Amino acid sequence: MQNKVGRNKENCTVFAHQFRRIGPNRVKKLKAINELISAGGKRLSVLKTKAQARTRAFEHVCAALPPPLARTVVSAGLEHGQLTIGVAGAAWAARLRYVTEALRVQVGSSMSVDIQKVRIRVVPPRPQDA
């Protein structure tokens, strides 16, 4: 195939690019996501550990709150002595701020860690189960 040079309406030179046909893509056999997760790898195992720790923190936070308030908690995580809680709305975040000290003590004792600070964030609500 030849490169062609032409002119457009504004008399600017336009170069037509030469495209080569490359052979079929060589794709490895696809693996199931469960197989990839169970196989591990350093980055994946670190991610899996963090996800398990966040799930554990979420469960402890929800257990420490009254049911109406616990249903609004979307996420929770504990890093470097800071408990971060994601709530599904600003009004619920305000209500949760009233019980942060009791929550800090109760979650800290149930998880056997020292929590110095509680941070409350407004996040998108979690999807409803189908």
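Biologist: What is the volume of the largest pocket?
Modeller: In this predicted model, the largest pocket holds about 330 Å³ of space.

Biologist: Which elements give two or more residues to the lining of the largest pocket?
Modeller: Helix H2 (42-64) does, along with strand S3 (73-79), strand S4 (82-87) and strand S5 (117-122).

Biologist: How do the residues of this lining divide into nonpolar, polar and charged?
Modeller: The lining of the largest pocket has six nonpolar, five polar and six charged residues. Gly counts as polar and Leu as nonpolar, whereas Arg and Glu count as charged.

Biologist: Which residues are the closest to the centre of the second largest pocket, and what is its volume?
Modeller: The second largest pocket has a volume of about 160 Å³. Ten residues line this pocket, and Arg 71, Pro 125, Arg 126, Pro 127 and Gln 128 are the closest to its centre. Its lining divides into five nonpolar, two polar and three charged residues.

Biologist: Why is the pairing of Glu 101 with Arg 104 called a salt bridge?
Modeller: The cut-off is 4 Å between a side-chain nitrogen of Lys or Arg and a carboxyl oxygen of Asp or Glu. The closest N and O atoms of Glu 101 and Arg 104 are 2.5 Å apart, so the pair is a salt bridge, the distance being within 4 Å. The structure holds one salt bridge.

Biologist: What separates Glu 101 and Arg 104 along helix H5?
Modeller: Because Glu 101 and Arg 104 are three residues apart in helix H5 (residues 100-111), about one helical turn separates them.

Biologist: Why do both partners count as partly exposed?
Modeller: Partly exposed is the term between the limits of under 20% for buried and over 50% for exposed. Glu 101 has 47% relative accessibility and therefore counts as partly exposed, and Arg 104, with a relative accessible area of 23%, is likewise partly exposed.

Biologist: Why is Leu 103 called buried?
Modeller: Leu 103 has a relative accessible area of 2%, and buried means under 20%, so the conclusion is that Leu 103 is buried. Leu 103 has its place in helix H5. In the protein as a whole, 20% of the 130 residues count as buried.

Biologist: Which residues touch the most other members of the largest nonpolar core?
Modeller: Val 61, Leu 65, Val 73, Ile 85, Leu 96, Leu 103 and Val 107 do, in a core of 20 residues. The elements that give two or more residues to this core are H2, helix H3 (67-70), S3, S4, helix H4 (90-97) and H5, and H2 gives the most, with five residues. In soluble globular proteins, nonpolar side chains tend to be buried together.

Biologist: Which residues does Leu 103 touch, not counting those up to four places away in sequence?
Modeller: Leu 103 touches Val 61, Ala 64, Leu 65, Ile 85, Leu 96 and Gly 108. Ala 64 lies 39 residues from Leu 103 along the chain, and the C-alpha atoms of the two are separated by 6.6 Å.

Biologist: How many helices and strands are there, and in what order do the elements run?
Modeller: There are five helices and five strands in the protein, and from the N terminus on the elements run β-β-α-α-α-β-β-α-α-β. Of the contacts with a separation of 6 or more, 48% are between residues 24 or more positions apart.

Conventions
Residues numbered from 1 in each chain as written. Predicted model: local features only at pLDDT ≥ 70, side-chain atom pairs only at ≥ 80, totals over all residues. Heavy atoms only, no water. 1 Å grid on protein atoms, 1.4 Å probe; cavity = no way out; pocket = protein on both sides within 12 Å on 5 of 7 lines; lining within 4 Å. Points joined across faces, edges and corners; volume = space filled by probe spheres on them. Helix = DSSP H or I, 4+ residues; strand = E, 2+ residues; numbered from the N terminus. Buried < 20%, exposed > 50% of the residue type's maximum accessible area, 1.4 Å probe, protein only. Core = buried A, V, L, I, M, F, W, Y, C linked by side-chain atoms within 4.5 Å. Contact = heavy atoms within 4.5 Å.
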